[in-house]
Structure formats: C-alpha cells, structure tokens
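Q: I have a new model on the screen. Please show me how to read its features, one by one.

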Amino acid sequence: MTNPEEAIAAPAADAPAEAPKAPKAPKEKKEKPKKEAKAEGEGKKSGGGAAAGGESKGLGLRNSKKDNFGDWYSELVVASELISYYDVSGCYILRPWAYAMWEVVQGWFDQRIKKLGVQNSYFPLFITEDVLNTEKDHVEGFAPEVAWVTKYGNSTMEKPIAIRPTSETVMYPYFSQWIRSHRDLPLRLNQWTNVVRWEFKYPTPFIRSREFLWQEGHTAFATQEEAEREVLDILELYRGVYEDLLAVPVTKGKKSKKEQFAGAFYTTTVEAYIPETGRGIQGATSHCLGQNFSKMFNITYEDDDRQKQHVWQNSWGLTTRSLGVMIMTHADDKGLVLPPRVAPKQVVLIPIPKASTAPEAVQAMLDKVDELTKALEDKGVRVVTDTRSNYTPGWKYNHWELKGLPLRVELGPKDMDNAAVMTCRRDTGAKEVVPWADVATRIPELLETIQADMFAAAKSRTANCTETCHSWEEFMAALGNKHMALTPWADEEEIEEEVKKKSTTPDAMGAKTLCLPFEAPPLPEGTKCFYSGKPAKNWALWGRSY
Ligand code: 87F
C-alpha cells in the first residue's frame, strides 16, 4: 500500500519556491512506473467476457481510492484514456477524452469573460533574458523553474531564450506602448496558451506538470475601483467553473501575505479540497497587481488634467489542474464519474439484443436507438451509441463506467415490449424506467439532477472535513484527521512559518494557510489567535496542500 502523501507529491521541502536563493536545480523526483490500461480485448464476445446483459464483473481498477489513492489516480487517468505518459518526465499527453473537457471549460469561461469585455490575443512563447529580468525581483524566486533554449541545430544561441512560465514580462512592455490616454483604458486581454515551469516537486497528471494549458488574463484600468471590481468578477467566474461546471466545492478568499503572488498587491483564490489525501489545492487565482507592474514597466496614461498616472492592473489564471481536481473529487473504484455539464458525452445508449432475438427485431431495436438518439441530440444532449456487436453488454457497461459517462440508457427486448428504456446513473447506480415518450424531457432532467447531486455530495464531504479550531491541540487533531482547520488568526507571517514547521511530521508535510475566507463566522471582539494567543484579526483556513 502506498502512502498517498508520498504517491502524489514530494514533501514541500523540495519546492524550489521555498528555497528561492538557491537557483541550482533541485534533485529530480522520479516518476512512478507507467500504468497501462487493461487490454481492451478482455470483454470481447469470443473471449467469453461478462455475460450478456450482466452487471459489472470485476473489470474495474486494481487500486482503490480509499486504500492507495496515488496509485489509484495514476491507474485511473490512463485506463480511462484521459492521459498517456510521455518520455519527458512531468509531461503528459492529453488524449481526446481529456481535451474535450478542457474545451468545455474553455467555452464556458471564454464566453463569460468576453461578456465582461475581455478580448483574446496571442503573445509569443519565447522571452529574451533582458526582458525576463525587467521584473527580476519577483522572477527571482521562480528562477529555478524557468526553462531555456540554448541551442538551435548544432549551434549555440548567442543569448539563451526563456520559454514563458507566465507572460507578464512578454505583455507589459506592449501595454506600455499601447496605453497613452484614458481612452485606451480599460485594456483587458486574455490568452489561452501552454506554459512551461520546470517543476521539481513530484509530477502528477493535470495537478502538477512541467507543461500545462491555461488562460492568463492581464488587464489595466484607470482606477483602483474598476480593477478591484474585476478581481472579484473573475473570482466569481472561477467559482462557477469549479462549482457550477465541475461540481467541485471551493472556498473563495484572500491569500495570506506569505502565500500570495509576490508581484501582487493582493491575491484572491478559490481553494478546493481532496478528502482522501486530506489536502487543500489551489483552484485558480485572481490577482490585483495594484500599480506594482505599471511602475516597473512604465505603463501610464494621461488623465483629464494632463497628468501622467500609473494604471491599475490585474492578472488571473485557470489551468488544466481544474480537471485533475474534478477527477479526484468524483471518480471511484470503477473509474471516472463525470459531472454531466463537463462530460464530453453525457449519455450512452446501448441496445441489448439476445442471441435468440430475430433479425427484424434487432433492426427495430437499432432503429429505435437512432430515433431516441436524435430526440436527445435535438435537446442538446451529447449522446454516444454503442452498437458494437463484438462486445458484450457487460463489457460495454464497464467500459462506459470507466469513462465516467453520467447516464447509461439500455434498450433490451423487454424494453421494446414496454415502449420504454432502462436508465442507470453513474454517480449512484440508481435505475429508472423511462417511457420512450418521456425520454427527451426526462433524460435532460436526470442529467441536471445528477449534476446537482454530485455537487451536493462533494460539498457535504468537504464541509464534514473542515474543523473550527481555537487551540494548537485542536488544530493538530484536525490535521491528524486529514481535515482542514478554520482558525481565528493574528495574521502574522512568522506564525505561518512556525505553524508550518511545527506541523511537519515524519509522514506529512507542514500545513499552511489556504486562504482567509471571504465567508467566515463572526469574529467577536476579544477572540484570540489559535496559535499565538494574540488578538485575532481574521479567520484563516489551513491545511496540508498540493
Ligand atoms: C514560474 C517561473 C517564473 C508563477 C512562475 O498567477 C515566473 C513565475 O511569475 C511566476 N510561477 N508565477 C506567478 C504567476 C502569476 C500570475 N500570472 C498570470 C498568475 C495568473 C496568470
């Protein structure tokens, strides 16, 4: 049995970000051996697979979510055809099943930021050393993660060129050129790209990889008020991506000074939580940069009095990590469990003729499948039909369960007689007979119910794993239970350092603040910090984290 702590990530002490003054490459973490998906042939009819019409017969995953989370996750992402491992450590192939979900996330978010007035654009992948150093102060801590191109063909580059880890230094020189007067504001740009960060923490598909996909928004405003309003508008969209699309509950809040982006005025975040590992995970961040970067990059506009003013800026990012959090939240020992709104296919229709069914009756069944498919597609439902005759129904059930399809719809001889279909929910296994006449209305309803139920279940799991703590003993007990701790806090960086050190055990990394939640209980006058006993300034949500 693998300790999930080890299986997923190296102890935080390996993080280059935590040892910013040592730009030499930390030791690489070896990746786990690759797990291959099970042979697809197992359920072929000739091979004597599961009985026709039968239930799942042990084609699930070898590892269990509860007992060996890390191995379960690695096996799951490969077996469900989301990921293939690649021979550059920390890089993964996103197969169509994964990429289709990223496209749904992109579509959801892109449509909404455009409504806010954000425009898409594309800036180059490469950064010269000089430009990257424009904001040396904040890049310094990240320097060990920057990858460089040093050769072309057999020749050495005169000057090495960095591969973007983020695009502040790429974009802001042009903000400085493009913004002249208040008429050029607001400038609100986004780009959907890949970025490269040569991470040395243990890599995990979706959660931490050396190349990943994201959107990065970079915006400039004349006033602080406009900028701050956008920070929260974007954070609300990030909440929406997680909660409304991926059915993953998140806590909105502000990062502590220690945990915020060093270049920011302040950082807001949505934080998720994985009960099995007891770890918090940062979902997405929306930063108010204040005038920090506009002063560095000389981004100014002339106000009505012809005075030069530095613009107010924000930046915000959401990555393919969001899919990993969704997978970890919902999947089970049979495979993925996809929330209908993000599932590339929401319904699988499977005709189940018997060996004795007459050819005309089989044809009638197939015609019915076509008709129901069309009726569902007309309602905007994403349907796949599985009419393959060389696989048994049992094998197909397992296959689509592994892929996480929210709803299975079966059509057998009995259903043909009753003018109905049998539906089976992936999340609960609940079955329901739906008359043909109701398919086009009832199935979209069922999908919405599944979506809502999955979110409610995840939300209650997370709520049950958050403990309010007023003392160090309570705090350590909560962490020992793999829970998050909500504490009154004096909001002092030294406390956070000490808590991290003191909560580090031989088996587990130290805890840090995940965020200072926007929604928290009242903090009556005289409430004391759980650690220092000093007057508490706010509530903080703590946890071990990814
Ligand atoms: C790694 C190497 C170099 C994070 C890095 O959060 C630089 C960086 O600046 C770096 N890792 N960051 C912070 C990114 C800040 C900000 N950028 C735009 C975001 C959202 C999107």
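This is a predicted model: local features need pLDDT of at least 70, side-chain atom pairs count only at pLDDT 80 or more; totals for chains, interfaces and linings use all residues.

A: Residues are numbered from 1 along each chain as its sequence is written, and side-chain values use heavy atoms, with hydrogens and water left out.

Q: Is Glu 75 buried or exposed?

A: Buried means under 20% relative accessible area, exposed over 50%, and partly exposed in between (1.4 Å probe, protein chains only). Glu 75 counts as buried because its relative accessibility is 2%. Glu 75 lies in helix H2 (residues 69-79). Helices are DSSP runs of H or I with at least four residues, strands are E runs of at least two, and both are numbered from the N terminus. Between Glu 75 and Asn 63 there are 12 residues of sequence separation and 7.5 Å in space, C-alpha to C-alpha.

Q: Which way do the side chains of strand S15 point?

A: In a regular strand, side chains alternate between the two faces of the sheet. In S15, Val 347, Leu 349 and Pro 351 point one way, while Val 348 and Ile 350 point the other way. Strand S15 spans residues 347-351, and five of its five residues are buried.

Q: Which strand is joined to S15?

A: Two strands pair if DSSP finds at least two bridges between them. S15 runs parallel to strand S16 (residues 383-385), with three bridges. Val 348 stands opposite Val 384 in S16.

Q: How many bridges join S5 to S6?

A: Four bridges join strand S5 (residues 148-152) to S6, in the antiparallel sense. Val 149 has Ile 161 in S6 as its bridge partner. The hairpin of S5 and S6 has two residues between the strands, and Gly 153 takes a positive phi near 50° there. Strand S6 (residues 155-163) also pairs with strand S4 (residues 126-128), antiparallel over three bridges. Here Phe 126 is partnered by Ile 163 in S6.

Q: Which residues make the nonpolar surface patch?

A: Patch residues have over 30% relative accessible area and no salt bridge; nonpolar side chains (Val, Leu, Ile, Met, Phe, Trp, Tyr) are joined within 5 Å, like charges within 9 Å. A salt bridge is a side-chain nitrogen of Lys or Arg within 4 Å of a carboxyl oxygen of Asp or Glu. Tyr 86, Val 88 and Ile 93 make a nonpolar patch of about 230 Å². Val 88 lies in the loop between strand S1 (83-85) and strand S2 (92-94).

How values were computed: Accessible areas come from the Shrake-Rupley method with a 1.4 Å probe; for residues, only the protein chains shown count as cover.
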